Amino acid sequence: MVELRKRREAPSDASEPPQKKSNSSTNAKAESDPSKTATATIDGAEKTHNPVIGDIISLEAFGGEVETQDGETTNLKKLVEGSKSGVVLFTYPKASTPGCTTQACLFRDEFSPLTATGYSIFGLSSDSPKSNTTFKTKQKLPYTLLCDPNATLIAAIGMRKAPKGIARGVFVVSKAGRVEAVEPGGPAATVEVVRRLVKSSGVQSGGNVGNVVETKDTQKDEGDEAESRCASEDDTADNRADVAAEVADTAEKLDGV
């Protein structure tokens with residue numbers, strides 16, 4: 001007789017295939033990283049758009065901490081509190097390069113009229129304190145340079161370019177936290193933005209801005225001259241390089257004869 005064996009049934013509590021590990025913690029970390037987003041508390045609510053003119057931003061922890069060229073830790077709130085009317089941040093990609101030198105020198109040459117109504121001016125880049133100290137000393141800049149190596153403040157004001165670039169531009173915030181200007185642009189254009197604000201704020205407050213208005217064109221001409229000098233220096237360097245190349249080519253041809 002053949003004995004029939006009953007087939008063993010599969011256990012009903014068979015374990016389910018392991019679930020894919022959630023990366024929610026990773027996402028949360030990325031979302032909380034101020035260098036990845038430009039989230040700001042605007043009008044009492046969290047918004048992820050870059051600040052625009054008219055927004056009221058919460059200065060508390062906005063953009064994280066940065067350093068001055070002297071290595072002192074600070075933030076936007078402290079800068080605004082230390083100003084009379086508000087803060088001007090002009091961003092530049094890299095210290096001591098031609099375009100950034102032109103921009104810094106334009107703000108240097110117009111420092112007095114641009115601060116006439118109480119604005120405090122700061123340069124902002126991802127350069128190291130050492131690089132910015134050299135830049136400030138060499139160009140005799142009368143304002144503080146801010147070092148933002150992680151670009152957290154740069155990102156918060158909308159001047160960060162993917163993946164790690166920095167847009168040249170200017171950001172102005174009032175004493176009350178109102179965004180008065182946020183605009184990318186060239187060296188002269190960033191200065192012009194502040195010029196317009198100074199003239200406008202002086203007129204609105206009824207203050208004596210005669211000197212500021214009167215010197216506007218003069219300062220602009222000086223700024224144009226400074227920009228031309230920088231361009232001329234660049235052209236001279238290029239011409240020297242061309243001459244050196246021609247001499248090298250001539251020497252090579254003579255050697256071949």
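Charged side chains and their setting

Author: Arg108 is partly exposed, with a relative accessible area of 25%; here buried means under 20% relative accessible area, exposed means over 50%, and partly exposed lies in between (1.4 Å probe, protein chains only). This is a predicted model, in which local features need a pLDDT of at least 70 and side-chain atom pairs count only at pLDDT 80 or more, whereas totals for chains, interfaces and linings use all residues. Residues are numbered from 1 along each chain as its sequence is written, and side-chain values use heavy atoms, with hydrogens and water left out.

Arg108 has a salt-bridge partner in Asp109, and their closest N and O atoms are 2.9 Å apart. Asp109 is likewise partly exposed, at 26% relative accessible area. A salt bridge is counted when a side-chain nitrogen of Lys or Arg is within 4 Å of a carboxyl oxygen of Asp or Glu. By that criterion, the whole structure contains four salt bridges.

Two further bridges centre on Arg195. One joins Arg195 to Glu110, with 2.5 Å between the closest N and O atoms. This pair connects distant parts of the chain, 85 residues apart: Arg195 belongs to helix 7 (residues 187-205), and Glu110 to the loop between helix 3 (98-109) and helix 4 (111-114). Helices (H or I, at least four residues) and strands (E, at least two) are DSSP runs, numbered from the N terminus. Arg195 and Glu110 are both buried.

The other bridge brings the side chain of Arg195 to that of Glu192, at 2.2 Å from N to O. Arg195 and Glu192 are three residues apart in helix 7 and are therefore separated by about one helical turn. Arg195 has a relative accessible area of 9%, and Glu192 is also buried, at 18%. Through shared partners, the salt bridges unite Glu110, Glu192 and Arg195 in one network.

Helix 7 also carries Lys199, which is partly exposed at 36% relative accessible area. The C-alpha atom of Lys199 lies 9.6 Å from that of Pro113, although 86 residues separate the two along the chain.

The side chain of Asp127 makes a polar contact of 2.8 Å with the side chain of Ser125, and one of its polar atoms lies 2.8 Å from the backbone nitrogen of Ala95. A polar contact is a pair of N or O atoms within 3.5 Å; within protein, one must be able to donate a hydrogen and the other to accept it, and residues adjacent in sequence count only if both atoms are side-chain atoms. Apart from neighbours within four places in sequence, Asp127 is in contact (heavy atoms within 4.5 Å) with Tyr92, Pro93, Lys94, Ala95, Asn132, Cys147 and Asp148.

Lys140 is of interest for its backbone. Its phi is near 55°, a positive value in a residue other than glycine. Lys140 occupies the loop between helix 5 and strand 7 (144-147) and is exposed, at 67% relative accessibility.

As to the whole chain, the secondary structure comprises eight helices and 11 strands. Of the 257 residues, 36% are buried. Among contacts with a separation of 6 or more, 63% are between residues 24 or more positions apart. The protein exposes about 15,500 Å², of which carbon and sulfur atoms supply 50%; accessible areas come from the Shrake-Rupley method with a 1.4 Å probe, and for residues only the protein chains shown count as cover.

Confidence should be read alongside these values. The average pLDDT, the predictor's confidence in each residue from 0 to 100, is 78, and 60% of the residues score at least 70. Over residues 21-39 the pLDDT stays under 50, and the model gives this stretch 18 contacts beyond four places in sequence. Residues 212-216 also have a pLDDT below 50, with seven contacts in the model beyond near neighbours in sequence.
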